[in-house]
Amino acid sequence: MGQGRHKEENITRRQAEVMQEICRFFSTYGKMPTMQQVADAFGIATPTIYDIFQELVRKGYLKRIKKGALKPYVIKKNVEPEALVTIQIPVLGEIPGGVPVEEFEDRSGEETVTVDKALTNNGDVFALRVKGDSMIGAGIKTGDIVIIRHQPIAADGDIVAASVNNEVTLKRLVNRPDRIALEAENPEFKPIELTRYDSFRVIGKIVGIIKQEADNNGGE
C-alpha cells in the first residue's frame, strides 16, 4: 500500500495510523494517550506528533478542549473503514478460556485475520481463537479471536495468554508482591495460585478482540 492520501477528507496514511492508535489506546485504557505516548508508539519525535494532532483537529477527528486541561483533546470520530490501515496476522490455534490445556499447536499459515495496524506498533502480534467461558465477565466468549502482543512480562490486571506447567490458558494476571495468580472473569472458575514450584511464563497480553459474528438465523 502506498503512502498516498486516503479518500476521506484527504487524511494521510500516517494521520490514519495515529488516529487508530489514539482510538486503540482509549478503548484499552479508557483515557486519551499523551502525545509522548503516541510518539513512543511510532518511534518519532513529539513535535511531529503535535503537528499530526493539529491536522486531525482541523479534519474533524479530534477536538481541542479548553487550555489547561489534563488531556486537551477528545475523540470526535474514528477513521472510516475504507481509510483504516490494516495488516494480516496469523491465527496460531485455540486457547482455552477455561481449564488450562497443553500448549496450542502452531497452525500459522492456515488462517489469518485482518487487524488495525496500530496494534503492531509495540511488537509482534498473533491471534488465538478462544474456547471456553471463563472470561465472559471481560466480554470474551467461545469463538472470539483475541489479538495477543508477544511479550514476556505483563502488569497486574492485564489479560494474558500464559503457560503454567506447560499448559496454556487465558486469564487476568494478578501480579503483586504478596501474590501471583491467574484469575478468571467467571465465578465458576477458581483462581490459579502460582508458587515458586510452578513453571510459569507470560506468552503475551491481549491488545484486541474480534467478536464472534452473531447468529444470522434469526434467533436471539
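How much space lies in the second largest pocket? I looked it up in this model, which is predicted. The second largest pocket holds about 180 Å³ of space.

**Entry: second largest pocket**
I listed the lining next. The second largest pocket has 14 lining residues, and Arg24, Phe25, Tyr29, Asn122 and Arg149 lie nearest its centre. H1, H2 and S12 are the elements that give two or more residues to this lining. H1 gives the most, with five residues. I then sorted the lining of the second largest pocket by class: five residues are nonpolar, four are polar and five are charged.

**Entry: largest pocket**
I moved on to the largest pocket. Its volume is about 570 Å³. The largest pocket is lined by 27 residues, and the closest to its centre are Ser27, Thr28, Val207, Gly208 and Ile209. H1, strand S5 (112-116) and strand S12 (200-210) each supply at least two residues of this lining. By class, I found 14 nonpolar, eight polar and five charged residues in the lining of the largest pocket.

**Entry: nonpolar cores**
Which residues have the most contacts inside the largest nonpolar core? I found Val18, Met19, Ile22, Ile49, Phe53, Leu56 and Leu62, in a core of 21 residues. At least two residues of this core come from each of helix H1 (13-29), helix H2 (35-42) and helix H3 (46-58). Another core lies apart from it and has 15 residues, including Ile95, Phe126, Val168 and Ile206.

**Entry: Met19**
Leaving out residues up to four places away in sequence, Met19 touches Leu56, Tyr61, Leu62, Ile75, Lys77 and Val79.

Notes: Residues numbered from 1 in each chain as written. Predicted model: local features only at pLDDT ≥ 70, side-chain atom pairs only at ≥ 80, totals over all residues. Heavy atoms only, no water. Core = buried A, V, L, I, M, F, W, Y, C linked by side-chain atoms within 4.5 Å. Buried < 20%, exposed > 50% of the residue type's maximum accessible area, 1.4 Å probe, protein only. Helix = DSSP H or I, 4+ residues; strand = E, 2+ residues; numbered from the N terminus. Contact = heavy atoms within 4.5 Å. 1 Å grid on protein atoms, 1.4 Å probe; cavity = no way out; pocket = protein on both sides within 12 Å on 5 of 7 lines; lining within 4 Å. Points joined across faces, edges and corners; volume = space filled by probe spheres on them. Nonpolar A, V, L, I, M, F, W, Y, C, P; charged D, E, K, R; others polar.
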